[in-house]
Structure formats: structure tokens, C-alpha cells
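Please look over the fold below.

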Amino acid sequence: MNHALKGWLVVITLAGILFICWKFYEEKLTQGMRPPEGTLKLNEMEENGVPEFSLKDIDGTPVSLKDFPEKIVIVNFWASWCKPCVKEFPSLIRLLETYPEDLVLLALSADKTEEDLLGFVKAFNVKAVNNFIVIWDKDQSVAEKYGTAILPESYIVGKNRQLIRKVAGVEEWDS
């Protein structure tokens, strides 16, 4: 093999090695710059609206966001074992009682057992509030769609499933 051909092979091999090394370095360099998964989901919701879901409420009635096209819907993720959720619940009830025609609360429970969920609902007399809909997100599929990481966490949803605001943690809803 002549020297010119060997030279070109060496140059091409070195260029290939340098390219592979750069791609590896670039991936490691930018890996820490990627926003957390929850932020990416929130950005997607702001652009495309909140994810649709359909589950049954605690009475067995199918419930979906599209059932409330003219209402503001609060999608609230909670659990009976969550002390901040317990603290937040009374203010949600008072808010719904104040605006019964305008608001709907879809309260998605992360409880492990139906017994815990129903005990909590009974303690707060939730069934007396018409626009308070309790749903057991038994497998956390909806929470996962929304990128919910902590409890309580709520999403205020306007018409056309547009995200108005995300609330992470306890909120005094009636203040």
C-alpha cells in the first residue's frame, strides 16, 4: 500500500475516533442540562393542554375531563395518609361550596386501599358536595401522566383542557 493511501486511512480513522469521542463528551456535557421530567411534562401541558383521562368515581360512574367543558376543573392528587392533604381538604370543600356553578374538583386518591379512601371521604362528608368528585387512581396512571411527584398537587384546568396553574403543596383554596 502506498504512503498517500496509508496517510488518508490514518486521517480518516483519527477523524472517526475524534467524532465518536466528541459525541460521547457532548452527550455527557449536556446530560445535566436537561430539565427534570416533571418540568418537561408541565411544559407540554402548557403548550398542548392537560392530559385527558377517564376513570370511575367511587360510586362507579365514569368521569373524564371532557365531561366539564364549560367549568374550571381542579385536578387534585392526594391521599388519606398525607398530612398536608388532610390540612388542605377543608379549604377545597369551602371553595367548591362558594362556587358550585363554576368549579368542579376531581380528587384523585393515591391511597393503597379502598377502605382508607372511603374512610377519608366519609370523615370529610365529601358526598354532600355535588361538584366534589372522588376518584381512586389505584395504579397511579393519571398521576404519572401529569408528572405528579408530591402530594398534594393540583392542576387548575380551564376550557379546552388548558392549564391555568399548577399548585404543588398545600394551598388555602378559599382565601
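Where does N125 lie? N125 sits in the loop between α4 and β5. N125 is not a glycine, yet its phi is positive, at about 50°.

## Basis of the model

This is a predicted model, in which local features need pLDDT of at least 70 and side-chain atom pairs count only at pLDDT 80 or more, while totals for chains, interfaces and linings use all residues. Residues are numbered from 1 along each chain as its sequence is written, and side-chain values use heavy atoms, with hydrogens and water left out.

## Overall layout

The protein chain has five helices and seven strands. Helices (H or I, at least four residues) and strands (E, at least two) are DSSP runs, numbered from the N terminus. In order from the N terminus, the elements run α-α-β-β-β-α-β-α-β-α-β-β.

The C-alpha atoms fill a box of roughly 90 × 35 × 30 Å along the principal axes. The radius of gyration of the protein chain is 25 Å, whereas a compact globule of 175 residues would have one near 16 Å. That radius is taken over C-alpha atoms, and the globule rule is 2.2 Å times the number of residues to the power 0.38. Buried residues make up 37% of the 175 residues. Buried means under 20% relative accessible area, exposed means over 50%, and partly exposed lies in between (1.4 Å probe, protein chains only). Take contacts between residues at least 6 apart in sequence: 71% of them join residues at least 24 apart. Contact means heavy atoms within 4.5 Å.

Strand β4 covers residues 103-109, and seven of its seven residues are buried. L103, L105, A107 and S109 point one way. V104, L106 and L108 point the other way. In a regular strand the side chains alternate between the two faces of the sheet.

β4 has a parallel partner in β3 (residues 72-78), over seven bridges. It also pairs in the parallel sense with β5 (residues 132-136), over five bridges. Two strands pair if DSSP finds at least two bridges between them. L105 stands opposite I74, and its bridge partner in β5 is F132. β3, α3 (residues 83-98) and β4 make a right-handed β-α-β unit. β4, α4 (residues 114-124) and β5 make a right-handed unit too. A crossover is right-handed if, with the strands pointing away from the viewer, the path from the first strand over the helix to the second runs clockwise.

## Helix α3

Helix α3 has a kink of about 30° at F89, shortly before the proline P90. The bend at a residue is the angle between axes fitted to the seven residues ending there and the seven starting there. The buried residues of α3 are C85, E88, F89, S91, L92, I93, L95 and L96. Their cover includes β3, β4, α4 and β5.

Why does L95 count as buried? Its relative accessible area is 11%, so L95 is buried. Leaving out residues up to four places away in sequence, L95 touches I74, L103, W173 and D174. L14 is 81 residues away along the chain, and the C-alpha atoms of L95 and L14 are separated by 68 Å.

## Nonpolar cores

The largest nonpolar core has 25 residues, of which W78, L105, V126, F132, V134 and W173 touch the most other members. The elements giving two or more residues to this core are β3, α3, β4, α4 and β5. The largest share, six residues, comes from α3. Apart from this core lies another, of 20 residues, among them M45, V63, L108 and Y146. A nonpolar core is a set of buried Ala, Val, Leu, Ile, Met, Phe, Trp, Tyr and Cys residues joined through side-chain atoms within 4.5 Å. In soluble globular proteins, nonpolar side chains tend to be buried together.

W78 has contacts beyond four places in sequence with residues including C85, F89, A107, L117, F120, V134 and L151.

## Backbone details

The peptide bond from L151 to P152 is cis, with omega near -10°. P152 is placed in the loop between α5 (141-146) and β6 (153-157).

Q140 lies in the loop between β5 and α5. Q140 has a positive phi of about 65°, although it is not a glycine. Its relative accessible area is 25%, so Q140 is partly exposed.
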